[in-house]
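Colleague: Hi! I'm new to this one, could you walk me through it?

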Protein chains: 2
Amino acid sequence: MSFTVLTSTLVKVPSDSHFSIYNLPFGIFSIEGEPDEKRRVGVAIGEYVLDLAYLANKGLFDKEFENSGSSPGYVFSQPTLNHFMSLGRPIWKGTRQKLQDFLSNPNRYIVDPTLPQSAGVEATSTLWEREKYLVEQSRAAMHIPANIGDYTDFYASKEHATNVGCMFRGKDNALMPNWVHLPVGYHGRSSSIVVSGTPLHRPSGQRLPNKDQPPVFGPSKRLDFELEMGFFVGPKTNLGEPLTMETVEDHIFGVVLLNDWSARDIQAWEYVPLGPFLGKNFGTTISPWVVTVDALEPFLVPQPKQVPEPLPYLRDTKDSGYDIVLDVELKPNGHDEFSRICRSNLKYMYWTIKQQLVHHTVNGCNIRPGDLCGTGTISGPIEDSYGSLLELSWSGQKDVLVGKDGSITRKFIEDGDEVKLIGYCSNPEGNYIVGFGECVGKILPPKPTPYD
Amino acid sequence: MSFTVLTSTLVKVPSDSHFSIYNLPFGIFSIEGEPDEKRRVGVAIGEYVLDLAYLANKGLFDKEFENSGSSPGYVFSQPTLNHFMSLGRPIWKGTRQKLQDFLSNPNRYIVDPTLPQSAGVEATSTLWEREKYLVEQSRAAMHIPANIGDYTDFYASKEHATNVGCMFRGKDNALMPNWVHLPVGYHGRSSSIVVSGTPLHRPSGQRLPNKDQPPVFGPSKRLDFELEMGFFVGPKTNLGEPLTMETVEDHIFGVVLLNDWSARDIQAWEYVPLGPFLGKNFGTTISPWVVTVDALEPFLVPQPKQVPEPLPYLRDTKDSGYDIVLDVELKPNGHDEFSRICRSNLKYMYWTIKQQLVHHTVNGCNIRPGDLCGTGTISGPIEDSYGSLLELSWSGQKDVLVGKDGSITRKFIEDGDEVKLIGYCSNPEGNYIVGFGECVGKILPPKPTPYD
């Protein structure tokens with residue numbers, strides 16, 4: 001695939017920025033100090049946020065929204081991306097392309113006394129006031145990007161499922177028989193999904209430290225992260241009308257980093273036979289910037305070979321994997337620096353996100369704009385590519401080194417620890433990055449409960 | 001417990017009506033032919049719906065909402081009950097009591113040339129136009145009562161869990177070790193929850209008819225209902241702040257009938273290890289009228305004795321069971337009449353709804369107004385009290401008689417069948433009913449898929 005080389009002449013983008021002109025992820029922001037009702041849609045570029053509500057009200061997206069039935073000024077003034085997500089791929093794509101053009105050819109749009117004049121038909125004399133539509137990211141508060149109706153979590157990494165299966169059921173029964181035939185998934189909790197930076201308290205609950213004794217109540221002792229990605233879905237479907245491997249492409253809006261915090265001891269005791277519940281639903285953290293699948297297209301790679309061949313409804317004949325480097329860093333309580341403890345990649349994932357969403361709807365289950373699907377933990381083939389402490393410490397049997405001097409180790413997360421997920425793609429020439437920024441969360445000590 | 005005998009003098013309520021003056025359930029209605037944006041809050045009384053938006057705009061609830069920070073006219077003009085559910089028990093209770101007073105002492109509120117005049121301070125001369133605030137239920141379209149953020153389903157009937165466990169794992173391992181220590185639950189799908197009367201197509205999916213062969217794709221052959229109740233929760237809680245057995249009472253708004261349609265063959269193949277997914281999320285049907293816990297209070301009975309005693313956070317020292325008769329009726333395809341195939345009762349349920357919600361939040365999981373929790377299938381101790389065809393036909397091993405002549409039988413649901421859940425309480429004197437109306441759904445043939 002070849003590219004037209006684009007450069008933002010409006011904003012200088014550092015070469016190591018996750019938010020190059022090839023990215024342009026969407027998010028919900030407000031300027032620090034603004035009231036909640038001022039939340040609106042922004043797009044990240046370099047160290048800035050483009051204020052789409054402002055630009056839309058100046059008419060920048062009038063052409064792209066012409067036949068949408070929605071006003072761009074209204075859509076981009078919403079406190080969530082749900083309305084925009086409902087509009088569909090042509091509008092998403094058109095908006096991104098218009099922004100690329102705006103950033104690389106500002107003279108077409110801007111009559112600016114400080115720039116050479118332009119007679120561009122779309123020029124508007126008020127757009128030269130940069131401070132109106134460009135906000136430094138350091139001044140922007142980022143919010144949860146959508147009102148998430150339903151949150152579904154898959155279990156789509158073969159390495160992860162095999163590792164966990166080995167620990168719980170032994171090597172010979174590691175993968176359940178259904179695993180290679182369908183992307184196993186379950187419903188998660190949407191109320192407790194928080195945006196990067198939101199601290200969470202260590203959860204309390206029932207666990208069974210001794211199999212011959214009754215369960216006990218108290219703070220989790222095996223608190224973990226899970227390195228996942230999440231994808232937001234687009235226009236709604238009707239109940240009873242499945243997506244196909246062809247139509248699904250128009251229903252995936254974009255991708256975020258997702259930390260599926262897990263209390264392994266609570267989960268282990270509760271999950272039979274209906275699946276994880278309180279071991280997961282105390283909190284899930286996502287990154288604020290939603291990277292569109294259009295921005296990720298150059299990084300498509302073949303998914304792992306699927307044997308046995310999936311049933312026809314799940315056959316994905318295109319390259320649908322993504323080459324996205326995924327790192328996990330941990331900052332131990334009382335220390336100042338994050339250290340990498342895992343490097344994985346989305347390309348390892350067995351079931352593609354398209355297969356996940358097609359499977360989700362094959363029984364007629366409907367989706368709504370803003371619904372979020374998690375991929376499940378993304379583990380790679382080698383030890384330091386495992387996407388959870390459960391796997392890295394092999395269920396607490398060995399120490400995971402944090403940092404270089406060997407004095408700090410972890411088996412599970414301790415109070416005060418911070419966990420950061422990072423994800424990015426770069427083109428082979430290495431001259432631009434499409435990144436996800438970061439997804440960070442700190443674990444606070446458990447809150448006292450009336451039962452302590 | 002003793003009652004002041006109340007009679008609606010404004011509306012004649014048939015003695016067998018589910019919607020006596022002691023009930024007054026809340027729902028969302030519009031008059032047939034009205035556009036979607038006219039959906040508003042109504043309360044059922046006899047064969048009528050009281051239009052709360054109209055009454056609120058006349059000032060009927062001004063006192064009750066005085067310190068709520070919300071305008072009753074606004075709250076009752078909403079297309080869902082979420083805002084009302086957010087306001088809390090004193091407002092819910094006050095609104096119901098005001099309606100009881102309005103219905104039994106209309107002269108206090110109504111200056112009506114056709115009634116003896118009243119000098120009541122709250123009288124308003126415009127309220128005598130009955131047709132403005134009373135709508136025949138036959139003319140009302142009922143809608144989903146809330147925008148359901150999260151839907152959780154429990155598994156709280158010991159008889160049901162034991163029956164299912166016997167079939168799948170044998171009598172000796174029927175109940176999992178965790179079952180008697182906590183109300184097992186999992187997250188379900190909120191997008192596919194529909195209101196009574198909405199038909200659903202038979203879902204297709206993967207199943208494993210032969211253990212030595214690969215799975216096949218096609219319409220479910222073991223489609224089932226599940227007799228459940230659901231409860232809507234009230235004011236939001238914050239992430240990290242559990243409810244206790246005391247505070248939980250102020251966070252349960254009311255109760256509905258719930259049919260958790262289940263495709264047993266899809267579920268059996270997919271559910272290990274993360275729980276039910278496509279076997280359930282193609283559709284869940286609820287009744288439109290939400291019966292408040294205040295209306296149900298006279299029907300509180302002791303819950304089943306819990307052995308072993310639950311951990312302190314789950315100890316429910318009050319009578320928290322409800323004596324609610326629950327019937328399931330089936331109308332076979334091509335026939336005109338419903339026949340009862342099951343009679344159960346909510347009082348059989350082992351874990352109370354308060355215990356369910358307390359457990360749900362004990363790890364800090366937050367709730368939002370409009371979240372819905374299902375109880376799980378409510379089976380009783382004897383065979384015809386089993387709340388699913390899976391149990392009634394003992395996994396398809398025997399025929400379930402539908403109707404009296406013995407010529408119609410079912411093992412699972414056939415295309416064109418309709419299933420109706422009915423629920424009601426009546427006081428010992430039998431002079432009034434607090435009922436849930438009905439929760440009905442028809443199964444349509446599977447839609448053709450691109451994979452047939």
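Modeller: Two strands pair if DSSP finds at least two bridges between them. Strands (E, at least two residues) and helices (H or I, at least four) are DSSP runs, numbered from the N terminus.

Colleague: Which residue is the bridge partner of B:L200 in strand 26 of chain B?
Modeller: That's B:I443. Strand 9 of chain B and strand 26 (residues 433-444) of chain B run parallel, joined by 2 bridges.

Colleague: Before we go on, what kind of model is this?
Modeller: A predicted one, where local features need pLDDT of at least 70 and side-chain atom pairs count only at pLDDT 80 or more, while totals for chains, interfaces and linings use all residues. Residues are numbered from 1 along each chain as its sequence is written, chains are lettered from A and ligands numbered from 1 in the order in which they are written, and side-chain values use heavy atoms, with hydrogens and water left out.

Colleague: Back to chain B: what's the strand order in that open sheet?
Modeller: The 5 strands go 9-26-25-20-21, with mixed pairing. At the edges are strand 9 (200-201) and strand 21 (339-345) of chain B, each pairing on one side only.

Colleague: How many bridges join it to strand 20 of chain A?
Modeller: There are 7, and strand 20 (residues 325-331) and strand 25 of chain A run antiparallel. A:D327 has A:I422 as its bridge partner there. Another 8 bridges join strand 25 of chain A to strand 26 (residues 433-444) of chain A, also antiparallel, with A:K420 partnered by A:V440.

Colleague: What happens between strands 25 and 26 of chain A?
Modeller: That hairpin has 6 residues between the strands, and A:G430 takes a positive phi near 70 degrees.

Colleague: Changing topic, which residues touch the most other members of the largest nonpolar core?
Modeller: A:L50, A:F84, B:L50 and B:F84, out of 243 residues. A nonpolar core is a set of buried Ala, Val, Leu, Ile, Met, Phe, Trp, Tyr and Cys residues joined through side-chain atoms within 4.5 Å. A second, separate core of 9 residues includes A:F19, A:A140, A:M142 and A:W289.

Colleague: And what does A:L50 contact?
Modeller: Leaving aside neighbours within four places in sequence, its contacts (heavy atoms within 4.5 Å) include A:F29, A:V41, A:L99 and A:Y133.

Notes
Buried means under 20% relative accessible area, exposed over 50%, partly exposed in between (1.4 Å probe, protein chains only).
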